[in-house]
Each structure stands twice: as structure tokens, then as C-alpha cells.
Amino acid sequence: MDFLEWATSPWGQRVPIHIAWFLIWVAVIAGFLFFVVHATYLRYFARPREFTGTISPAVAARIPEHVPRHSLTARLFHWIMAASMFTLLFTAFLPKVGVQFPWVTYHWIAGVVLTASILFHVIHASFFMDFWAIWPDRIDLRDAWRRMMRFAGKHEAPPDKFAKYPLENKLYHGAIIAAGLSAIVTGVFMMFRVRTIFFPRNPYLFGDMTWGMMYVLHGLAGVGLIALIMVHVYFGLRPEKLPITKSMIFGWMSRDFYLKEHDPKRWVVETSSSPSSSASPAPDSKGLEGRGLTDAV
Amino acid sequence: MAVIRDVMAAFELFQPASVDDAQRLLEQHGPDAWVLAGGLDSFDWLKDRIKKPKVVVDLSGIGELRGIRAAGSDGIEIGAMTTLTEVVNHPIVKQKYDLLAQAAELVASPQIRNQGTIGGNVSQDTRCWYYRSGWPCYRAGGNICYADTPEGRNREHAILQADRCVAVNPSDSAPALIALDAKFVIRTRKGERVVDAEDYFIGPDIDITRLHILQPGDLLTAIRIPSTWAGAQFYFEKIRDRNVWDFPLMNVASAMVASGDSSAGNGSAQTIDRIRISVNAAAARPLRLKVVEDAVRGQPRNAATGEMAGKLAVRGAIPLQFNAYKIPLMRNLVKRAIIGSGAAARSGAEEATWTS
């Protein structure tokens with residue numbers, strides 16, 4: 001079974017031309033298997049989660065009823081990116097599974113929208129948002145270790161509550177960056193092979209082998225995104241994650257959910273009074289524990 | 001690239017005696033099966049070892065696919081395996097649907113028309129030599145068009161509706177059938193399906209690896225021509241490099257019903273009541289020029305209308321490096337199809353010109 005399709009170039013060189021299309025189904029099946037395994041685990045095997053620390057009533061009282069989580073700009077970016085990503089996936093893969101329509105123009109236009117929105121996001125996140133909030137920090141790594149040990153039945157202290165984004169959210173963001181940027185960079189070059197309004201066609205921009213690898217990378221990133229987005233949608237629809245999903249629509253999450261899942265010291269919510277940095281965690285706070293990847297993705 | 005010629009790769013040959021058997025075989029073997037009609041396109045592929053099907057289904061023994069018969073009171077039905085010579089010589093075709101006879105008579109040479117079938121002619125593959133040489137182009141499942149490059153040999157290629165691939169459909173009978181509003185009868189695994197002639201063909205934007213809608217397992221069984229355009233005024237013209245026999249650089253077919261006095265001067269006394277017009281070898285599919293039809297309906301049949309139609313027909317054309325000549329060629333062909341072939345009718349009509 002070949003994962004890539006190969007061809008012989010006019011110069012007699014054996015070159016890859018694209019991924020084998022059965023990988024589309026591999027990604028879809030992998031996504032569904034993840035749903036089944038994860039949902040089964042949560043339903044029958046997961047133990048209640050535990051967190052270290054408590055939040056003093058004084059701190060809790062200062063948390064507003066609606067905790068702002070995503071600005072309007074960030075939400076608009078997210079949904080524009082989502083729309084363009086779905087358009088890209090459907091226009092790329094539906095024709096490969098037998099649904100035929102003139103897809104190329106829609107595909108590259110959606111790609112341009114995605115690229116523009118990502119460029120905007122990079123600037124927005126770098127200069128107008130807390131850039132480091134989405135990257136794993138030392139506490140995330142320590143807590144990941146603790147959670148793994150506890151999952152394995154070892155005696156280990158419970159993890160802290162989450163910062164603004166749980167580790168799984170951060171890792172997912174990293175995976176999306178890797179797959180998304182691979183698809184975008186290769187896709188921009190691939191636009192030189194079709195007629196667009198941006199630049200003249202130049203199919204000889206690279207050699208056959210380089211082009212072949214570019215198509216392969218684009219395809220791998222594409223099928224990877226199928227699975228990643230299936231997982232993202234799955235978590236977005238899980239009942240315990242709905243507050244996070246709603247926050248991407250309305251911009252805020254409830255105080256109760258915030259206090260249950262997040263550490264006011266790690267995710268400081270601006271209030272009209274003093275910041276919540278005076279919150280003093282106590283060691284025995286209990287929530288739900290051991291759910292691994294259930295945390296927001 | 002080394003090509004082994006004249007020695008076909010081994011395949012399993014089936015020679016069914018009925019459409020049912022043929023369709024069952026095609027369904028059974030799916031994409032591994034190759035449909036053999038007259039063999040004139042097929043043997044190029046097989047001998048050059050560019051296509052290596054595991055199974056070949058030879059339709060030549062199926063009697064029900066041959067012949068031209070009346071389709072009730074409404075036109076005729078031509079079996080897909082009817083040879084082009086039979087089409088050309090059939091009295092009803094000559095009398096009522098002479099457009100098809102004209103088109104079929106200009107296909108290749110007499111020997112080829114004796115062997116080639118109407119079904120094969122409309123279903124043949126493109127002549128793009130990069131593709132037919134076995135290069136890994138888009139149409140062959142690859143990721144490049146060798147013809148649409150600065151140095152690509154693309155004199156014969158598309159000026160309209162190109163989408164990555166710029167190959168053109170080479171059929172002569174296809175535009176005539178579109179102009180006659182023919183219906184194609186297809187046997188699929190779900191039963192019989194009848195599609196308009198223009199919908200039988202698809203461009204690379206829909207499927208870059210095929211020129212028609214037939215899926216593995218499907219079989220074109222017949223072509224029905226309704227009486228709608230029987231006895232209309234027809235025009236067919238094919239431009240080719242070698243008039244002895246060649247594929248078209250472009251062709252045009254029109255069926256027109258006009259009213260008024262055709263004997264008067266330049267023909268402007270006639271009014272175009274109804275018209276269907278189609279060109280081929282301008283795109284990957286034969287194009288029905290619906291916009292032109294709408295624009296000229298109700299107009300006087302004269303040089304001005306022809307000129308307007310020609311300009312309209314090439315709107316949106318994008319020439320490649322070596323085929324800009326096709327734009328004035330198409331303008332002129334459409335114009336002539338509107339005006340007609342008579343010298344009197346063409347008086348006052350200026351031809352579009354092109355210089356390299």
C-alpha cells in the first residue's frame with residue numbers, strides 16, 4: 001500500500017505527485033475512532049477531576065458574572081477562519097470522493113481568505129493580545145506530568161486549575177499552526193500553477209521533485225486538518241465544553257464555570273476593583289479529574 | 001520517455017453479445033475495464049501502453065447497439081456502435097438531419113469512418129500530445145499541465161473554460177448533435193439515464209481526467225435525435241491543418257429556423273426565429289453558445305448580426321502562447337454559421353483577421 005502516488009517526469013525522474021487519496025478516509029476514520037474511544041472513556045471510566053487550590057470568597061466575589069474571554073475581533077477571526085477552513089476542506093476533498101463541482105476557484109479564494117485572516121491573527125495576537133497565553137508554560141508541563149501519573153494510578157498531587165487555555169487547547173493550537181501553515185505556504189506556491197488574479201502562472205517555479213513534495217505536504221496537511229477539525233468540532237459540542245464554545249460566540253463565560261475550571265492567578269480577569277491576584281489557592285479544591293483530552297480543544 | 005509501441009499489455013478480453021451482459025461486465029470490473037467500440041482511439045492508448053486496463057469489453061458483437069431506427073414519431077435513434085459511414089449514408093439522416101451527416105463525413109478518412117462509431121466519436125479522449133505521450137499531467141492524474149507553459153506546444157489547445165488543463169475535445173459529431181438537441185442514452189447500474197447532448201460532456205473544472213460523464217460501469221447505448229430541428233437550415237464547418245484528414249482546429253455547427261425571403265440580396269430579409277449553435281475544439285467540452293442563440297433570436301440574418309454573434313462568442317477567451325489565432329477563427333466560424341454559406345448571404349461580411 002503506497003501512501004504517496006508517484007509518476008515518471010518527462011526527464012525520467014521518479015517523482016511524487018500527491019498523497020494517496022485513501023488517506024482521506026484514514027483521517028475520517030481516525031477522527032471517528034477518537035470520538036468513540038474518548039466518549040466511552042468519559043462515560044464509563046473517567047474519575048472526577050481534582051484541582052489543587054481553592055479560591056477565596058473575596059476573590060470570587062470580585063469576578064464578574066460574565067467573564068470576558070474572547071474579544072469581538074478574536075471571535076470574528078475564529079469564525080472567518082472556520083468558514084474558510086471548512087470551505088477549503090470541502091472543496092478539496094469532496095471531488096475526491098465523487099462529489100463533482102468546479103472547486104478550484106472556490107478553493108483558492110478560501111485559501112486567500114484563510115491566509116489573510118491568519119496574517120491578521122498573527123499581528124493581532126502578537127501586539128494586541130496576551131501572546132504567551134496560548135503557549136504551554138512550566139506549570140502546564142508539570143500538571144501534565146501530574147495528570148499522567150494520576151491516570152496511571154500513581155500517587156501524585158492534583159494539578160492546578162487552568163490558565164486561560166488548558167494545555168490540550170494549547171497543544172491543539174500548535175498542531176493547527178503546523179498543519180495550517182504547511183497547507184498555507186504550499187498552497188500559496190501552488191497558486192502559481194492555476195490562473196488567479198494575483199500572479200502569472202509559472203509552473204516551472206520549482207523542479208518536479210520540489211513541486212511533488214509540495215503537493216504531498218499540502219495533501220498531508222489537508223488530511224491532517226480533517227482529523228484535527230473533526231476533533232475540534234467534537235469537543236466544541238461536548239456538553240462539558242459548551243461554555244467554552246458559547247464563549248467563542250458571545251465572548252464571555254459564566255463566573256461559575258470560570259471559578260470551576262480556571263485559576264484566577266493564572267488567568268487574571270480585569271475587574272472594576274482590584275485584580276484577582278490576591279486570590280489564595282488552598283490545597284484541597286475538588287473538581288473533575290483524570291479526563292485527559294477532555295479539556296477544551 | 002521510452003514508449004513501447006505496437007505491443008499491447010496483456011488484458012482479459014470480453015465480447016458480450018447483449019447490452020445487459022456488457023453493462024454487467026463493466027459494472028463488475030469498474031475502473032479496471034476499458035470499453036472498446038471501433039478501437040481507433042483505444043488501440044493508440046493500448047499499443048502505446050499508456051493505458052493498461054485489466055479488462056477490455058469489446059462491444060462489436062452487440063447487434064442492438066448498431067443501426068439507425070425511428071424513435072416513435074419523434075425523430076431517430078442511432079445505436080452507439082453505428083459506424084460513421086452508416087450515419088453519413090443513411091437516407092433519413094441525410095434528408096432531415098444533414099448537419100450530422102456533414103459533420104460525420106468530415107471525420108478523418110473513409111477507412112476510419114468505416115470502422116469508427118458515433119458513440120466512439122463523441123466519447124473519444126483528447127488529442128493533447130503531452131497527455132497522449134503518457135506524461136503525468138493533470139488529465140493523467142498528475143499535478144501539472146505541460147501545454148499551458150511558456151514553451152508548451154499549445155497551438156491546438158483551449159481558449160475558453162480552461163481550468164488547469166487546456167486540452168480540447170476533438171469530436172466533429174458532438175457539436176452537430178448538440179445543435180440538433182440530441183439526447184444520449186446511458187445504461188448505468190441504476191438503469192437507463194437520458195441526458196442532453198451538451199450535458200454529456202464535462203470540462204476540467206468538474207472532472208479533469210474525463211471529457212464526458214460516463215463513470216466506470218456506465219455504457220453509452222444510443223443517441224436520440226428529436227424531430228425538433230428536422231429539415232432546418234444547417235451549417236457545419238471544420239477547420240483543420242490537413243484537409244485530407246485531421247482533427248479539428250475548430251468546428252462549428254448550427255441549426256436554424258428563419259422566416260422571410262432568403263432570396264433577397266444579402267439575406268437580411270430573413271429573421272432568425274430559432275437557432276442552436278455549438279463549437280468544438282475551443283474548450284475541453286463542445287460549447288453550446290447559448291448567449292449567442294439568445295442574442296440573435298429575432299434578429300435579421302445578416303452580416304451585422306453575424307458580426308455581433310462572433311464577438312459575443314469569444315467573450316472571455318484567453319489565448320495561450322501559440323493559439324491566439326483561434327479567437328478570430330471562432331469569431332469567423334460563428335459569424336458564418338449565422339449568415340450561412342451562400343456567397344450572397346456573406347456579402348458585406350468582413351472576416352476577423354489575425355497575424356502572428
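B:Gly141 counts as partly exposed because it has 13 C-beta neighbours inside 10 Å. The cut-offs are as follows: a residue is buried if 20 or more other C-beta atoms lie within 10 Å of its own, exposed if 12 or fewer, and partly exposed in between, with C-beta atoms placed from the backbone. B:Gly141 sits in the loop between helix 8 (129-132) and helix 9 (173-179) of chain B. Its C-alpha atom is separated by 8.2 Å from that of B:Ile208, 67 residues apart along the chain. Helices (H or I, at least four residues) and strands (E, at least two) are DSSP runs, numbered from the N terminus.

The model is predicted: local features need pLDDT of at least 70, side-chain atom pairs count only at pLDDT 80 or more, and totals for chains, interfaces and linings use all residues. Residues are numbered from 1 along each chain as its sequence is written, while chains are lettered from A and ligands numbered from 1 in the order in which they are written.

## Sheets of chain B

Strands of a sheet pair through backbone hydrogen bonds, either parallel or antiparallel. Two strands pair here if DSSP finds at least two bridges between them. Chain B shows both senses of pairing.

One open sheet has three strands in the order 1-3-2, with parallel pairing. Strand 1 (12-14) and strand 2 (33-36) of chain B are the edge strands, and each pairs on one side only. The twist averages 25° from one strand to the next. For such angles, axes are lines fitted to C-alpha atoms, for helices over the stretch in contact, and angles run from 0 to 180 degrees between N-to-C directions.

A second open sheet has four strands, ordered 9-10-11-12, and its pairing is antiparallel. Strand 9 (233-239) and strand 12 (287-288) of chain B stand at the edges with a single partner strand each, so one side of each is left without a neighbour in the sheet.

| Strand pair (chain B) | Sense | Bridges | A bridge pair |
|---|---|---|---|
| Strand 1 and strand 3 | parallel | three | B:Glu12 and B:Val55 |
| Strand 2 and strand 3 (residues 55-58) | parallel | four | B:Val35 and B:Val57 |
| Strand 9 and strand 10 (residues 250-259) | antiparallel | seven | B:Tyr235 and B:Ser254 |

B:Trp34 also stands opposite B:Val56 in strand 3 of chain B.

Helix 5 (residues 98-105) of chain B lies across strand 9 and strand 10, running at about 15° to strand 9. Helix 13 (residues 326-339) of chain B lies across strand 9, strand 10 and strand 11 (271-280), at about 25° to strand 10.

## Chain A overall

Chain A has nine helices and four strands. Along the sequence they follow the pattern β-β-α-α-β-α-α-α-α-α-α-β-α. The C-alpha trace of chain A spans about 75 × 40 × 30 Å along its principal axes. Of its 297 residues, 29% count as buried. Two residues are in contact if their C-beta atoms, placed from the backbone, lie within 7 Å. Among contacts in chain A between residues at least 6 apart in sequence, 77% join residues at least 24 apart.

## Helix 5 of chain A

Helix 5 (residues 138-151) of chain A has 14 residues. It reaches 20 Å from its first C-alpha to its last, close to the 20 Å expected at 1.5 Å a residue. That expected span is 1.5 Å times one less than the number of residues.

A:Asp140, A:Asp143 and A:Arg147 are buried in this helix. They cover an arc of only 70° around the axis, which puts them on the same side of helix 5 of chain A. The arc is that of the directions from the helix axis to the C-beta atoms. An α-helix has 3.6 residues a turn, so residues three or four places apart point the same way. On the other side, A:Arg138, A:Leu141, A:Trp145 and A:Met148 are exposed. Helix 6 (167-190) of chain A is included in what covers the buried residues. After helix 5 of chain A comes A:Gly153, whose phi is positive, near 90°.

## Helices 6 and 7 of chain A

The axes of helix 6 and helix 7 (residues 208-237) of chain A come within 8 Å and cross at roughly 145°. Among the residues making the contact are A:Ala175, A:Ala179 and A:Ala183 of helix 6 and A:Ala221, A:Gly224 and A:Leu228 of helix 7.

A:Phe235 belongs to helix 7 of chain A. A:Phe235 counts as buried because it has 22 C-beta neighbours inside 10 Å. A:Phe235 and A:Ile184 are 51 residues apart in sequence and 25 Å apart in space, C-alpha to C-alpha.
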